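Have the structure open while you read.

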Amino acid sequence: MHISDMLVTMKSEVKLLGAWPSPYVLRVRIALNMKSVKYDFHEEKLSSKSQLLLQSNPIYKKIPVLIHKDKPLCESLIIVQYVDDVWLSASPILPSDPYDRAIARFWTVYIDQTLYPTMRSIRGASEEDEKKRLIEEVRKGLAMLEDVFKDSSKGKGFYGGDQIGLLDIALGSFLGWLRVVEIINGVKLLDQNNTPELLKWAERFCAHSAVKDVMPETGRLLEFSKTLAKG
């Protein structure tokens, strides 16, 4: 078998069903890039879900879905951890220490269940006082994650230390949408006074080789958010 044929075979083993604006899909793309895994990306239309998606995720019918050797997996963080388990030779995503792993998982749950839903609620807030309260809640959450970063990074560039880890991917996947919220509302959620370390971390994260080519442009996300608002 020629090398080109081998590459095609390897690539067809891994498929990702997703959509470019989704921060959850972005998580999986970053994880696959970190492991240097070749994959086919199937762009899903938000207006009409493909038959492959409906078959692969019949419970939630949502993206992302990773298909590896014809076996589908759903839920972004589950997929990221699966990628870490399967492709062991490249950069580890989860910490090796059980306690550090548990702490990283705890904060990813906080991000998904508290921080991001609060950030999304800012757009729908009809009263100015409610919007200010939500913005302050997000700032407080980011301040906590600033403290977590100082502890987890151990003086290095990422939550994972020298390399991007689970918590970097969980929080970093929302940076594009965080910027959109900042622009629409004329506020700064990450700033030098409140979160100086996270501000520098965000720059490093977005410039990382596993991230920079798949992170959606802020302007494009902004236009997409306007479409959502009209809908």
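Start in the middle. In this predicted model, the largest nonpolar core has 63 residues. The ones with the most contacts inside that core are I30, L32, L145, Y159, L198, W201 and F205. Helix α5 (residues 98-124) is the top contributor, giving eight residues to this core. Where does the core sit relative to the domains? Domain 1 (14-86) and domain 2 (98-229) both give residues to it, so the core lies between them. A second, separate core of five residues also turns up, and L17, L53, V65 and I67 are among its members.

Now zoom in on the aromatics. Searching the whole structure gives 10 aromatic pairs. Take F149 and Y159: the ring centres are 5.1 Å apart and the planes sit at 85°, so this pair counts as edge-to-face. It links distant parts of the chain, with F149 in helix α6 (residues 128-153) and Y159 in the loop between α6 and α7 (166-172), 10 residues apart. F149 is buried, at a relative accessible area of 2%. Y159 is buried too, with a relative accessible area of 6%; the cut-off for buried is under 20%.

Ring pairs also tie F149, Y159, W201 and F205 together into a cluster. Of these, Y159, W201 and F205 are on the list of residues with the most contacts inside the largest core. What does W201 touch, once its neighbours within four places in sequence are left aside? Its contacts are F149, G157, F158, Y159, D168, L171, G172 and L175.

| Arginine | Ring | Distance from ring centre |
|---|---|---|
| R29 | F41 | 4.1 Å |
| R220 | W20 | 3.8 Å |

Next, helix α4 (residues 76-86). Which of its residues are buried? They are S76, L77, I79, V80, Q81, V83 and D84. The buried residues of α4 pack against α2 (23-34), β3 (65-68), β4 (71-74), α5 and α7.

Stepping back to the fold, the protein has 10 helices and four strands. Along the sequence, the pattern reads α-β-α-β-α-β-β-α-α-α-α-α-α-α. The domain assignment gives domain 1 (14-86) and domain 2 (98-229), and their C-alpha centres lie 21 Å apart. The contact between them takes 15 residues from domain 1 and 22 residues from domain 2.

What about overall dimensions? The C-alpha trace spans about 65 × 45 × 30 Å along its principal axes. For 231 residues, a compact globule would have a radius of gyration near 17 Å, and the protein comes in at 18 Å, which agrees. Buried residues make up 45% of the 231 residues. Among contacts with a separation of 6 or more, 66% come from residues 24 or more positions apart.

How values were computed
Residues are numbered from 1 along each chain as its sequence is written. This is a predicted model: local features need pLDDT of at least 70, side-chain atom pairs count only at pLDDT 80 or more; totals for chains, interfaces and linings use all residues. Side-chain values use heavy atoms; hydrogens and water are left out. Rings of Phe, Tyr and Trp (its six-membered ring) pair if their centres lie within 6.5 Å; planes under 30 degrees apart count as stacked, over 60 as edge-to-face and the rest as tilted. Helices (H or I, at least four residues) and strands (E, at least two) are DSSP runs, numbered from the N terminus. Buried means under 20% relative accessible area, exposed over 50%, partly exposed in between (1.4 Å probe, protein chains only). A charge sits over a ring if NZ of Lys or CZ of Arg is within 6 Å of the ring centre and within 35 degrees of the ring normal. A nonpolar core is a set of buried Ala, Val, Leu, Ile, Met, Phe, Trp, Tyr and Cys residues joined through side-chain atoms within 4.5 Å. Domain bounds come from an automatic or database domain assignment. Contact means heavy atoms within 4.5 Å. The radius of gyration is taken over C-alpha atoms; the globule rule is 2.2 Å times the number of residues to the power 0.38.
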